[in-house]
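Hi everyone, thanks for coming.

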Amino acid sequence: MSAHEPAADPPPAASPAGTATTAPKPEEPGERRSFGQLLRQSVTEGNSFTVTVLAIFAALVVGGLINAFTNTTVLHAWSNLFSDPGHAFGQAWDTATGAYVALFEGSVFNPHTVAALFQQASISAAVHDGYLSAVFGPLSETCVQATPLILAGLAVALPYQAGLFNIGGQGQFIGGAIVATFLGYAVSLPPVIHVIVCVLGGFVGGAAIGWIPGELKARTGAHEVIVTIMLNYIMAYFLSYLLAYHYLMQAPGTVNPITRAIAGNAHLPQLFGSHLRINAGFLLALACALAVWWLLSRTTVGFEFRAIGKNPNASRVAGINVERNWVLVMLIAGGLAGLAGAAVIQGTDFTLNDQSFGTYGIDAITVALLGLGRPLGVVLAGLLFGALHAGAPLMQAATSTPVDMVEVLQAVVVLMVAAPPLVRAIFRLRGGGGSLLVLAKGWNG
Amino acid sequence: MKQSAWAAAALAVSATVVLAGCGSSHSSASSGASGAATTSASASNSGGAAASGTKTLGCMVTDTGGINDRSFNASSWAGMQAAASANSNITVKYLQSTTQSDYTPNINAFISQKCNIIVTVGFLMGAVTEAAAKANPDQKFAIVDCSYKTGCLTGAKEPNIDQLTYNTVQDGFLGGYLAAGMSKSGKVATFGGIELPTVTIYMDGFWDGVQYYNSKHGNNVQVLGWNEKTQKGSFTGDFTNQTKGQTLTQTFISEGADVIFPVAGNVGLGAAKAVQGAGGKVNMEWVDVDGCVSAASYCKYFITSVEKGVTASVKATVQSAADGSFKGGTYVGTLANGGAVLAPFHDFSSKIPSALQSELKTVQSGIEDGSIQTPTKSPV
């Protein structure tokens, strides 16, 4: 494919790039070892994947405890602990598990809707009454919620591989959303073309905002963390400005900061009919994850990204244009976050207002962190957080658990993942080099 | 190997717990969801339309402000609770939205729980409420402060949405009358955020109220910042820039106004700062919600607030769903139905002369029974 050997690991930090290809690797990928051996090794050494799974488990336990001990019914039961200890423990257990069961039913699979499906006379009746789609409703919601998280998570994970810490997901999201929305309502195009134009516009809008910190870092050395954070504020206020005047983007005849709805032709098509909200945005997110994986592991550009992420000085000595790669990686990352904006506007919201960016920019960092900065990891982490969001309404409605529980779970997961020694200490794993320690490079770069 | 055994055990335990969680889902979930199940049964028994005597489930989805926002969400939930306490057959519940991506899932969660009516709050939920109403024509909806006429809902009119709007000309009229009565300098002022029907309606009512006071008392209290006849006045240009509100209010104060009525959302906080700076000689009236709740630190400067009667309107729509009289369309809040009211006087209850308070009551009943006609007709 190229003169380099793209699939190989980038040069280790300590040695110059030129010698990397001849230097013996400390550890070969374990093709020859059995699956069982790998599993045991991963457990004993506490590698990143094991730490992540255990972190999620620990978060569930902590979340369950918080839930059980803030519930008034449970607290009342505890006050009668000595007269009826079983009741207290039972209440605590029921409260904690009840919330998780509802969370699961709202995000993956709800046995009640399946039971209702089997009560239907025939499959055609079930389809007609919407029971079949109701069965897949929770999974559909999980995918819908995961779509922007995956795209924005990739926008953090990709620069992370190149040693840059992109905090600017929010600003880039807004940039993409503004362009996609404007093209969505101001332009009239045939069905398929309109969708594509808006999605591309979203990429361009986000890429423009991502390019700024990359260019500033390359030319002046301005730290991308500072610049991206500042741009988040700039873009949020810029959006408010656009939505404050009818001659800019505010919808005519309204007092509210909201745009007109985009044209029907610009909607991302729904994949499984109108009953399920899952739309082509999810496929777009998966395609982008695949593309980022391919870029990083199969192309010269990706090799250079990883090389400058491991050691920019060594890369420069080896003839890699570090500055150009900084600009390029931030450009692509901004585009990915912009796609998240386009996916939200074109897939579910259809209008842009001054709250459309939500917390995607910050959630993206946690998704990338949980996904260990790898494309597949980002997809899985995005699906997990998407499931937490998707299950929250049912959890709140059926068990009256405060919706903040979802945020507690997310926070504890990330806290645990970001502190592998803590998880190792809790579960008594043997220490191993935590890959996430590399994250600190982002702050030094 | 001892430590590895520990870790393996921990993984095994975690797997077991996860599996156990799934396994027990059937039993505990069926108990947890029994409330929803019985509700759905009663709803289907009565053919979806809840006549009086049957159970009614009223459901509310907050916008991102949350349930304790001291504004429309909190007022709406108060209305839901009022409906529930007035009729023991009504139960109410709510779902909070933390981000906009929660709106549709929250609405859908309530649809699947067979809520008899789903109340959504504010313009941000207009589009999703409209879409849900279109997809579920048998589901009753109500949306607070949002209608087709004000441009918040845009598509073909869905008959199953009760749009709750507020004829604030009427309480604006009372606010103007009160302001004129409280003014010592003979000048009062009002200004808007952006020149829109939902803003100028307040200012029209205020202007009308001052003129009515003048005609009753033979006074000549002037209104700065708005003229109902020419439809010209002062606007800050947005609903966020407090500095502009402060500057404009200081201008009015230097021109001699001593009661200020900003109709500009958070810009009003800037006006409150200017009023505070005037050192007690100037007071103001708040808009939309009770200022002593939403901007409590300035309560001592608020003579009253010209409110949208969100609580009363939500209570009414939930009750209409319970007694079968729900018919969608537009609800217009007025003085008579409690959907457009002056807030309690709070700190000013002792400062407003009792004669003026009784005049206000007379004017209010005059508007309610139609003997006093507000010159401006409501645009909502």
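**Two helices side by side**

So, H6(A) and H8(A) are roughly antiparallel to each other, a label used for angles over 145 degrees. Before I go on: this is a predicted model, where local features need pLDDT of at least 70, side-chain atom pairs count only at pLDDT 80 or more, and totals for chains, interfaces and linings use all residues. Residues are numbered from 1 along each chain as its sequence is written, and chains are lettered from A and ligands numbered from 1 in the order in which they are written.

Back to our pair. Helix H6 of chain A covers residues 111–118 and helix H8 of chain A covers residues 131–161; they pack at an angle of about 165 degrees, with axes 9 Å apart. Helices here are DSSP runs of H or I, at least four residues, and strands are runs of E, at least two, numbered from the N terminus. The axes are lines fitted to C-alpha atoms over the stretch in contact, and angles run from 0 to 180 degrees between N-to-C directions.

Which residues make the contact? From H6(A) we have Thr113(A), Val114(A), Ala116(A) and Leu117(A), and from H8(A) Tyr131(A), Leu132(A), Ala134(A) and Val135(A). Contact means that C-beta atoms, placed from the backbone, lie within 7 Å.

**The cores**

Now the largest nonpolar core: it has 177 residues, and Leu151(A) and Leu154(A) have the most contacts inside it. Such a core is a set of buried Ala, Val, Leu, Ile, Met, Phe, Trp, Tyr and Cys residues joined through C-beta atoms within 7 Å. Buried means 20 or more other C-beta atoms within 10 Å of a residue's own. Leaving out residues up to four places away in sequence, Leu151(A) touches several others, including Ala285(A), Cys288(A) and Leu336(A). Another core, of 60 residues, lies apart from it, with Leu178(B) and Phe252(B) among its members.

**Over to chain B**

Let's pick out Ala180(B), which sits in helix H7 (residues 168–182) of chain B. Why does Ala180(B) count as buried? Because it has 27 C-beta neighbours inside 10 Å. Its C-alpha atom is separated by 6.6 Å from that of Tyr213(B), 33 residues apart along the chain.

**The chains overall**

Chain A has 20 helices and zero strands, while chain B comes to 13 helices and 14 strands. Of the 445 residues of chain A, 54% count as buried; for the 380 residues of chain B, the figure is 52%.

Notes. Angles under 35 degrees count as roughly parallel, over 145 as roughly antiparallel, 65 to 115 as roughly perpendicular and the rest as oblique. Two residues are in contact if their C-beta atoms, placed from the backbone, lie within 7 Å. A residue is buried if 20 or more other C-beta atoms lie within 10 Å of its own, exposed if 12 or fewer, and partly exposed in between; C-beta atoms are placed from the backbone.
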